[in-house]
Amino acid sequence: MLEGTLIAESLRVRAELTGIPLQITKITRIGVTTAAPDQPQQWTLLDFATEEDYAAPPAEQMTGALAPTGLGIAP
């Protein structure tokens, strides 16, 4: 079993993760007091699990959906 955490605010605007067999195991919303000026003050953490056989496609999709810096906002 592969497990991980995705910070929802790290995704680019309009990014989609589709066809990924992930099981969301926990959703946590936290306040961040030490966020940089270009980062949000609240983060949404999505803990997930998937079978190791399915690890490569989700990793590739998630990597491609991440914002390059700061918030996932359109320029």
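Trainee: What is the order of the strands in the open sheet?
Mentor: This is a predicted model. Its open sheet has three strands in the order β1-β3-β2, and the pairing is antiparallel.

Trainee: Which strands stand at the edges?
Mentor: β1 (2-7) and β2 (23-31) do, and each has a single partner strand, so one side of each has no neighbour in the sheet. From one strand to the next, the twist averages 20 degrees.

Trainee: How many bridges pair β1 and β3?
Mentor: Six bridges, in the antiparallel sense. In that region, Ile7 stands opposite Leu45 of β3.

Trainee: Now Asp47, where does it lie?
Mentor: Asp47 is part of strand β3, which covers residues 42-50.

Trainee: Is Asp47 buried or exposed?
Mentor: Buried, and without a salt bridge.

Trainee: Which side chain joins Asp47 in a polar contact?
Mentor: That of Thr5, at 2.8 Å. Beyond its neighbours within four places in sequence, Asp47 also touches other residues, including Gly4, Gln23 and Ile24.

Trainee: Switching topic, how many salt bridges does the count come to?
Mentor: The count is one salt bridge. Arg29 and Glu9 form it through their side chains, at 3.0 Å from N to O. The pair links distant parts of the chain, 20 residues apart: Arg29 sits in strand β2, and Glu9 in the loop between β1 and β2.

Trainee: And why is Arg29 called exposed?
Mentor: Because its relative accessible area is 53%, and exposed means over 50%.

Note on methods: Residues are numbered from 1 along each chain as its sequence is written. This is a predicted model: local features need pLDDT of at least 70, side-chain atom pairs count only at pLDDT 80 or more; totals for chains, interfaces and linings use all residues. Side-chain values use heavy atoms; hydrogens and water are left out. Helices (H or I, at least four residues) and strands (E, at least two) are DSSP runs, numbered from the N terminus. Buried means under 20% relative accessible area, exposed over 50%, partly exposed in between (1.4 Å probe, protein chains only). Lys and Arg count as positive and Asp and Glu as negative; His and the chain ends are not counted. A salt bridge is a side-chain nitrogen of Lys or Arg within 4 Å of a carboxyl oxygen of Asp or Glu. A polar contact is a pair of N or O atoms within 3.5 Å; within protein, one must be able to donate a hydrogen and the other to accept it, and residues adjacent in sequence count only if both atoms are side-chain atoms. Contact means heavy atoms within 4.5 Å. Two strands pair if DSSP finds at least two bridges between them. Axes are lines fitted to C-alpha atoms, for helices over the stretch in contact, and angles run from 0 to 180 degrees between N-to-C directions.
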